[in-house]
Amino acid sequence: MITQLLNILTIAACLQIANPVHISSEMKELERGEAELVFTASIDAGWHVYSTELGNDGPISATFNAVKMEGAELVGKLQARGKEIKQYDKLFDMDVRYFEKAVTFVQKIRFTKPTYDIDCYVEYGACNDRSCLPPSKANLRLSGKSPRPPHMEGQIPPPRPEDGQRPPRPDDGEMAPSPDNGQQPPKPEDSNMNPDPVAEAGINADSTVVGESDLSQLWQPVVNELQHYNGDTGSTEGMSWWIIFLEGLLGGFIALFTPCVWPIIPMTVSFFLKRNKDRAKAIREATTYGLSIVVIYVLLGLAVTLLFGASALNALATNAVFNILFCLLLVVFAASFLGAFELTLPTSWANKIDEKSGNTTGLFSIFLMAFTLALVSFSCTGPIIGFLLVAVSTQGSIVAPTIGMLGFAIALAIPFTLFAMFPSLLKSAPKSGGWMNVIKVTLGFIELAFALKFLSVADLAYGWHILDREVFLSLWIVIFGLLGCYLLGWLKFPHDDESHRTNVPQFFLAMASLAFTVYMIPGLWGAPLKAISAFAPPMNTQDFNLQKTTTEAKYKDYELGMAAAKAEGKPVIIDFTGFGCVNCRKMEAAVWTDSQVADILNDKYVLISLYVDDKTALPEPLEVTENGQTNVLRTVGDKWSYLQRVKFGANAQPFYVLLDNDGKPLAGSRAYDEDIQAYIDFLNQGLKNYKAQR
């Protein structure tokens with residue numbers, strides 16, 4: 001039966017397997033009978049590998065592990081060489097260090113005998129912005145004659161305790177799982193089982209949980225079935241680019257209705273129509289003018305893209321210094337919109353560009369006219385562009401600024417072309433007036449609110465605790481409450497008309513702002529406030545919290561949990577997770593705390609959480625073969641990582657899959673996605689299919 005099981009589990013994992021880190025290993029000889037074991041890694045774009053000695057409470061550190069070290073001894077600790085990035089991670093509440101693109105791990109050794117036999121590996125952790133891989137390893141196996149100086153041949157050098165290091169043993173906690181390991185799953189009695197949950201399920205703890213045939217069925221690969229349920233999934237990156245484009249488009253349309261842009265539209269269109277008696281030519285020039293606006297702002301986006309590389313943009317998201325600068329920048333923009341001062345470029349710039357446009361002809365003159373518009377309207381468009389670039393830059397995508405500015409420019413250019421084609425529309429267009437200043441002031445309130453979001457990141461980074469969740473919510477409640485009062489005409493700013501009266505659109509906007517204010521008030525007592533969970537500080541920074549909804553797995557063993565589910569007559573949800581998995585914690589905080597999700601997971605499913613970085617040693621290491629390579633399963637985490645790869649064809653966490661009592665999928669799999677309703681639909685679909693089977 002074990003042989004049959006081995007044959008089943010040799011099926012290769014499918015396309016979902018991620019392999020973002022490519023490592024080559026070698027030994028480089030040094031002088032004085034020493035050498036370096038060198039592991040050189042190239043890292044795919046968007047991924048990073050964590051450095052050494054990050055501590056037990058952080059992500060997976062890179063460690064050197066010796067299975068066999070005969071004829072040689074370690075000298076010092078594992079060294080990581082490359083461009084190390086250090087930043088604060090608010091989920092781990094600590095500074096983490098990692099590498100992007102490339103890193104080299106080096107372990108120095110000293111030969112102690114004429115011959116050597118070395119079997120070792122480097123364990124490391126790799127993550128991107130959406131998922132983490134289980135602890136991975138790069139192996140190195142060497143044997144031969146020691147490259148020792150002739151006069152020391154056959155001698156053993158005296159030990160040097162000050163720089164020596166004993167090779168770690170499995171009971172040191174240094175031996176860890178590998179995603180490239182293993183083929184044969186351990187028998188259930190070899191698993192890390194807890195007798196208490198067994199008793200709860202009515203199963204005898206002294207007996208085998210499942211039989212051999214049941215075990216074979218539980219570990220049977222279901223990759224094809226999952227693909228059938230999942231279907232074709234589109235590119236999430238492409239989807240995010242569309243969102244960025246739409247955000248830029250919205251920003252452009254808002255900029256149109258500011259006092260610096262809207263009054264210029266009819267003047268510019270009239271200029272083109274009067275300049276050319278031929279209306280067709282006027283339309284062509286106005287269209288060229290609009291395209292010039294697009295080119296100018298897209299070039300601005302490209303400039304930001306070239307100034308900040310992909311790794312720098314990604315680092316901005318949590319870098320404390322940058323977030324403080326962003327906060328101050330948005331506060332300045334907000335003060336400008338509220339009427340404290342005007343952000344203007346030197347008038348001489350606009351005059352010189354305007355003069356050159358008058359002295360030139362053809363397309364270049366039209367381009368210079370568009371450039372003049374960009375300079376003149378900067379006091380209104382600058383804060384909007386700045387806010388847009390700050391927002392998209394912190395998403396870490398190298399093309400995001402260009403895409404965002406493309407959307408902004410298209411929205412800004414549309415009316416010039418549209419009114420040139422249909423001049424009669426100008427008569428029905430709303431006239432300039434005090435309503436434009438209302439838009440500016442409203443934008444000032446919004447930028448002030450978002451400035452607090454960036455300050456919150458810095459506050460978490462330095463541990464100031466001046467902007468904990470309840471303080472943040474209090475400030476947002478005040479900001480949006482005052483915005484509602486302003487829209488109702490109860491507050492006035494320097495540029496507002498004395499005779500300003502609240503109109504119907506302002507009334508409805510005031511209602512929305514005040515309603516949002518009321519919505520946030522329960523958050524002061526711990527309400528989750530899902531609508532703003534991406535902006536507010538984490539719940540653990542709140543001192544007073546009445547929210548008690550918790551979801552925790554009763555089982556952390558696959559076979560044990562499956563046996564309990566069968567005894568209870570419930571379906572199973574497998575949660576492939578990790579102690580160092582950032583996005584796993586995000587899902588648990590954002591989705592599992594929802595009362596409806598918690599009720600379904602706690603009452604209608606048997607939840608099994610399998611930690612792929614669990615370093616608890618298995619009773620006996622298991623040497624297995626996968627994809628033609630022989631590896632060893634040494635830990636509980638090895639076992640669960642192997643289960644995920646071979647049975648489900650995936651190796652990233654978090655990873656959720658619903659199973660019946662025979663280990664067959666009930667729906668498609670899910671990964672990191674904070675859409676609560678989609679998660680509820682996912683769980684309900686599994687329940688529906690489970691009931692249909694029974």
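1. In this predicted model, helix α21 is largely enclosed by the rest of the structure, because 13 of its 13 residues are buried. The helix covers residues 636–648, and from its first C-alpha to its last it reaches 18 Å, which is close to the 18 Å expected at 1.5 Å a residue. Just after α21 comes G649, whose phi is positive at about 65°.

2. An open sheet is built from 3 strands in the order β4-β9-β11, and the pairing within it is antiparallel. Its edge strands are β4 (63–70) and β11 (136–145), each of which pairs on one side only. Neighbouring strands of this sheet are turned by 15° against each other on average, with direction ignored.

3. Strand β4 is joined to β9 (residues 115–124) by 7 bridges, and these two strands run antiparallel.

4. A search of the whole structure finds 1 disulfide, and C127 and C132 form a disulfide in which the sulfur atoms lie 2.1 Å apart. The torsion about the S-S bond of C127 and C132 is about 110°, so this disulfide is right-handed. Both cysteines, C127 and C132, are buried.

Definitions and conventions:
Residues are numbered from 1 along each chain as its sequence is written. This is a predicted model: local features need pLDDT of at least 70, side-chain atom pairs count only at pLDDT 80 or more; totals for chains, interfaces and linings use all residues. Side-chain values use heavy atoms; hydrogens and water are left out. Helices (H or I, at least four residues) and strands (E, at least two) are DSSP runs, numbered from the N terminus. The expected span of a helix is 1.5 Å times one less than its number of residues. Buried means under 20% relative accessible area, exposed over 50%, partly exposed in between (1.4 Å probe, protein chains only). Two strands pair if DSSP finds at least two bridges between them. Axes are lines fitted to C-alpha atoms, for helices over the stretch in contact, and angles run from 0 to 180 degrees between N-to-C directions. A disulfide is a pair of cysteine sulfur atoms within 2.5 Å.
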